[in-house]
Amino acid sequence: MKAAEEALRQYCDPSLVREYDEMTNKQKTNIREALVTMCRSQVMHHFMQQKQQSTVSTSSSKLANPQCPLVRSMKEHGMRTDEILEDYVQFSRDCLGNWGVQPPFPMQQMMLYQQMVKMQKESDRYRLRQQSLYDTNQAVAKTQATSCDWTSLRPILVQDLKLFGEHPGCYLEGTIVGEAIQPMVGGITLVQDRNGQLLLVCFYNFLPDGVRGIDAEPLLQQKLPMGATLRIAEPFYKIFGDGRRGIRVDNPGEIKVLNNKNVRSQSSTAESVQRKCSEIKQQGNDFFAQEKYYAAMEAYLSGIRCHELVPSLLSNRSQALIYLKRYGEAFCDAAAALVILDPQSKLWKKTWVRYDVCLAKLQNDHESFRILFRYLVECIESSLAESPNKSVDASKGEEYKQAGNEAFKKQDYEEANRLYSLALSSAGETVRAMLSNLSLCGLETMALGETIAASVASLRIGVAEKSIYRLSTALAFLGEHELALRAASLGDGENLAALTEEIKQAQQFRNVFVEPSRASTEAIATLLHDTPPLLGNLIGPVETFLSEGKGRGLRSTRALDKGEIICCEMSPISTSCGIKDLKNESMVMTMGKNEINDASQSKLYSSVALRLQHDGVLNRIMNRLSDGKSEKPLVPLNDLMLNLEMFPLLLPGRIEFLPKESIPKLSVETMQNVLSTNTHGKNDGGSLTRTSELFPAISMINHASSPNCSFVPTKTNKKHAHQVVIIVTMRSIAKGEELTMKYHTDEVVARKWGISG
């Protein structure tokens, strides 16, 4: 790194050199890495332009001096320098003159930002929703996970920020004063602290995969509205590739956006709220049609939370039902309101109290989780039978609510319940539809807790066969086939009848799995060839244990025959990166120190980082997997596979619904290490892996060149593109013997996992 320091001292502004001299060793390493990354990107950009235009040849142009500190620093980072032209290097030298120099006046910063927004919006790439190849170096990103316990953090100002520092124990707060845009990945905005100082903030892993350019504008404006207050926990302050200073946020869970009253109350008439909800619903529908499911989920959630009337009706009706001692229905209403409410709203805490009161009562009256869940399904059925006629005047929602409130004050809880139900039927149709659509997005992304909660919430507003279908399907995916059949019985349409048959087929498979001695080898082979799509996760006679010299592994708990099924697992998160994607898009690639990750793995990183900011269940599973660097304690396989008891009852697995102490904190680097160590992929003979999938339980099986088990990939679920993998024995296995598989070719295994032979 001596060459990089020499370049910094020779070509950068003296004020930056003075800052460099006062930095810690870690900060100095970071700034040198950033400098070389910027110069390498500039050179590569010019080189690619030359290759495309074919206007310059190295034979007729002057090559760069190999003794130049910039050339030497790039060579130290593994870049070929024998074809670098002097013109390219000179351009980088010129850029370094202003690199990291902060404009002296806030007005200048604002003008530069507005100019950047204008240029971005006028670019063809932005209008055509294209995304450039973007390389990022993890050495110039934040490396430590933030606790995000906001109560323990102290506020700091822009003037307190140290270049390439991570500022532990602090948070920066400012007002969003710049229109948010999406130049490459994530989003960029401008914030102003209470002293009037401006600062650029760049968000990575912030937008759902595939949302870019003009498509990103509505989501960014909803997530980062002008005038809102932005808080950033333990901010990482750096110099970006274009030379500007700012904060880089890799984990969106480390920010908090507080919508100020003036931001929320721009237009609050019933008609305007309904119009806004309808617009956002259509936005979500458009994303869904493009198979951008995470974007659709964000849009639907944003639209649902615009409608303050519906959650207040559900919460009020919950209280009326509590007084009527109809705790099951009251519980369903409280859960539905919580699914819709913004955690920052005043009604959130009051509704939580109602949820807890009902839960305590119900748990005393029902001996198990599944019996209680079945009882709640019966409560939903009885309320569906009492649903008001759909011909209720759609403009009278607020009127019915006020009448319900008056009845409640008079302690006429039956009448209050009736009037609140009328109000929901009147005002809640758009919200009900968005909840139902949100539940479908949950099926597509394996956010099954979201599907169950959104489906039930939708049914608490009004009858819809689609919501019943999606509730039943999610329960089947979780292996709860008895509950799924009970849920399917809530309706009587042709689709539900077909779904019921599929669930019964999955039950038959499970019976063969549980008692394989009752099935012939031919029957098992047939089932393997045509696996029921609603199978769910299954764990056979295996357990986790500590394998000598290998760490955690799986072993049999009884003698196993050849061809016996020992495990079926559905991936909780995966990504497809087919030929169509690679032809129509220039994929985002993340550049590490030693390799370029293929497109599907990069998309998986982005998808997981996005989900980890709100998905507490996925956080727990990821934290239990090895990152290839630190030892992890033994965990039961059931704690690695999605199951119904992982989720709060009738609530999603979002972080706000789970105890804070149960949610581990993962840095982006740790998350990437976990995925790199544990994911599987398929490439169909191509050079890039077309899919990357995480099978947490199966990843516990250790590698062997002569394995005793093997993968049996099954047919992908046609309706929701989920992949189930089955593990079968390749020979007889003794009780207590370790189960092994062959991960890949010996060359790949040695390179990726450091395993030889």
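Q: Is Glu738 buried or exposed?
A: Let's start with a charged residue in this predicted model. Buried means under 20% relative accessible area. Glu738 has a relative accessible area of 16%, so this residue counts as buried.

Q: Which residue forms a salt bridge with Glu738?
A: Side chains of opposite charge can pair when their charged atoms come close. For Glu738, the closest N and O atoms of the pair are 3.9 Å apart, and a salt bridge needs them within 4 Å. The partner is Lys550.

Q: How many residues apart are Glu738 and Lys550?
A: Glu738 sits in the loop between strand S18 (724-729) and strand S19 (740-741). Lys550 belongs to the loop between strand S10 (542-547) and strand S11 (551-556). The pair therefore links distant parts of the chain, by the strand numbering used here, and the separation is 188 residues.

Q: In which helix do Glu406 and Lys409 both lie?
A: The side chains of Glu406 and Lys409 meet in a salt bridge of 3.7 Å, N to O. These two residues are three apart in the chain, about one turn of the helix. The helix, residues 397-409, is H16.

Q: What is the distance between the closest N and O atoms of Glu415 and Arg418?
A: Both residues lie in helix H17 (residues 413-427), three residues apart, about one turn of the helix. Glu415 is partly exposed at 26% relative accessibility, and Arg418 is partly exposed at 42%. Glu415 and Arg418 form a salt bridge, and their closest N and O atoms are apart by 2.8 Å.

Q: How many salt bridges does the model contain?
A: Some charged residues are linked in a network of salt bridges: Glu5, Arg9, Asp21 and Arg32. Counting by the 4 Å rule, the number of salt bridges comes to 29.

Q: What kind of aromatic pair do Phe288 and Tyr293 form, stacked or edge-to-face?
A: The count of aromatic pairs in the model comes to 10. For Phe288 and Tyr293, the ring centres are 5.1 Å apart and the planes make an angle of 65°. Planes over 60 degrees apart count as edge-to-face, so the Phe288 and Tyr293 pair is edge-to-face.

Q: Which charged residue lies over the face of Tyr204?
A: Lys28 lies over the face of Tyr20, at 5.3 Å from the ring centre. Tyr204 also has a charged residue over its face, at 3.9 Å from the ring centre. That residue is Arg248.

Q: How many residues of H13 are buried?
A: Helix H13 (residues 327-340) reaches 20 Å from its first C-alpha to its last, close to the 20 Å expected at 1.5 Å a residue. H13 has 14 residues. The helix is mostly covered, and the number of buried residues is 14.

Q: What value is phi of His167 near?
A: His167 is found in the loop between strand S1 (154-156) and strand S2 (170-176). At 10% relative accessibility, His167 counts as buried. Its phi is positive, in a residue other than glycine, and is near 50°.

Terms used
Residues numbered from 1 in each chain as written. Predicted model: local features only at pLDDT ≥ 70, side-chain atom pairs only at ≥ 80, totals over all residues. Heavy atoms only, no water. Phe/Tyr/Trp six-rings, centres within 6.5 Å; stacked < 30°, edge-to-face > 60°. Lys NZ or Arg CZ within 6 Å of the ring centre and 35° of its normal. Helix = DSSP H or I, 4+ residues; strand = E, 2+ residues; numbered from the N terminus. Buried < 20%, exposed > 50% of the residue type's maximum accessible area, 1.4 Å probe, protein only. Expected span 1.5 Å × (residues − 1).
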